[in-house]
Amino acid sequence: MTDKPSILFVCLGNICRSPLAEAAFRKAAADAGLDAEADSAGTAAYHVGAPPDPRSIDTARRHGIEISHFQGRQIEQADFVRFTHIFALDHSNLDNIRSVAPSDHSAHVGLLMDMVPGREGAAVADPYYGGEEHFADTWEDVSRAAQSLVAKLTGQQRG
């Protein structure tokens with residue numbers, strides 16, 4: 001396997017936050033010319049095979065990204081080998097990821113907002129029970145994290 005970065009974004013159901021994080025990262029990586037893989041998953045199996053929440057689809061479209069073809073899936077053991085980085089969108093899901101991780105995995109597992117200077121330890125708020133403005137806030141968080149992550153992966157410095 002090459003040293004090409006491969007990133008998995010994980011929330012609870014894989015229909016709101018993690019598809020938006022995947023979309024934001026894919027866009028940031030493409031804009032920076034970074035050759036990387038990205039996917040998203042949930043720690044729960046609530047929405048396996050389902051498309052993202054319509055509000056997530058609309059939010060991504062407002063930023064020129066189509067995610068209606070994404071399908072929800074649950075994190076699996078193979079992900080800990082397939083991906084170089086696995087990012088949880090909140091502390092509860094980080095705990096869940098760590099609880100199912102094989103002891104010999106090589107993936108970096110962490111909290112997504114730890115990538116954003118000044119936001120270390122913060123969670124990406126779950127917009128599911130809120131309105132459109134909550135999805136816009138989620139997009140802002142995952143976009144900032146995506147930019148910071150791409151900068152780290154390309155060796156650039158961001159203030």
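Colleague: What is the relative accessibility of Y129, and does Y129 count as buried or exposed?

Modeller: Y129 has a relative accessibility of 78% and therefore counts as exposed (over 50% relative accessible area is exposed, under 20% buried, and in between partly exposed, with a 1.4 Å probe and protein chains only). The model is predicted: local features need pLDDT of at least 70, side-chain atom pairs count only at pLDDT 80 or more, and totals for chains, interfaces and linings use all residues. Residues are numbered from 1 along each chain as its sequence is written, and side-chain values use heavy atoms, with hydrogens and water left out.

The structure holds three aromatic pairs (rings of Phe, Tyr and Trp, the last by its six-membered ring, with centres within 6.5 Å; planes under 30 degrees apart are stacked, over 60 edge-to-face, the rest tilted). In one of these, F9 and F87 are stacked, with 6.4 Å from centre to centre and 25° between the planes. This pair joins distant parts of the chain, since F9 lies in strand β1 (residues 6–11) and F87 in strand β3 (residues 85–88), 78 residues apart (strands, E and at least two residues, and helices, H or I and at least four, are DSSP runs numbered from the N terminus). F9 and F87 are both buried. The rings of Y128 and Y129, with centres 4.8 Å apart, have planes at 90°, so this pair is edge-to-face. A cluster of F9, F25 and F87 is also linked by ring pairs.

F25 leads on to the helices. In helix α1, F25 is among the residues that meet helix α5, together with R17, L20 and A21; on the α5 side, the residues include F135, W139 and V142 (contact means heavy atoms within 4.5 Å). Helix α1 spans residues 17–32 and helix α5 residues 132–153; their axes are 8 Å apart, at an angle of about 40° (axes are lines fitted to C-alpha atoms, for helices over the stretch in contact, with angles from 0 to 180 degrees between N-to-C directions). α1 and α5 are therefore oblique to each other (under 35 degrees is roughly parallel, over 145 roughly antiparallel, 65 to 115 roughly perpendicular, the rest oblique).

Helix α5 also packs against α2, at an angle of about 55° and with axes 10 Å apart. That angle makes α2 oblique to α5. Here R55, S56, T59 and R62 of α2 meet E132, F135 and W139 of α5.

S56 deserves attention in turn. S56 sits in helix α2, which covers residues 54–62. Its relative accessibility is 0%, so S56 counts as buried. Apart from neighbours within four places in sequence, S56 touches I15, C16, L20, I67 and F135.

A further buried residue is F80, which counts as such because its relative accessibility is 0%. F80 is located in helix α3 (residues 79–82). Setting aside neighbours within four places in sequence, its contacts include I75, I86, I97, H105 and V109. F80 and V109 are separated by 29 residues in sequence, and their C-alpha atoms are 8.9 Å apart in space.
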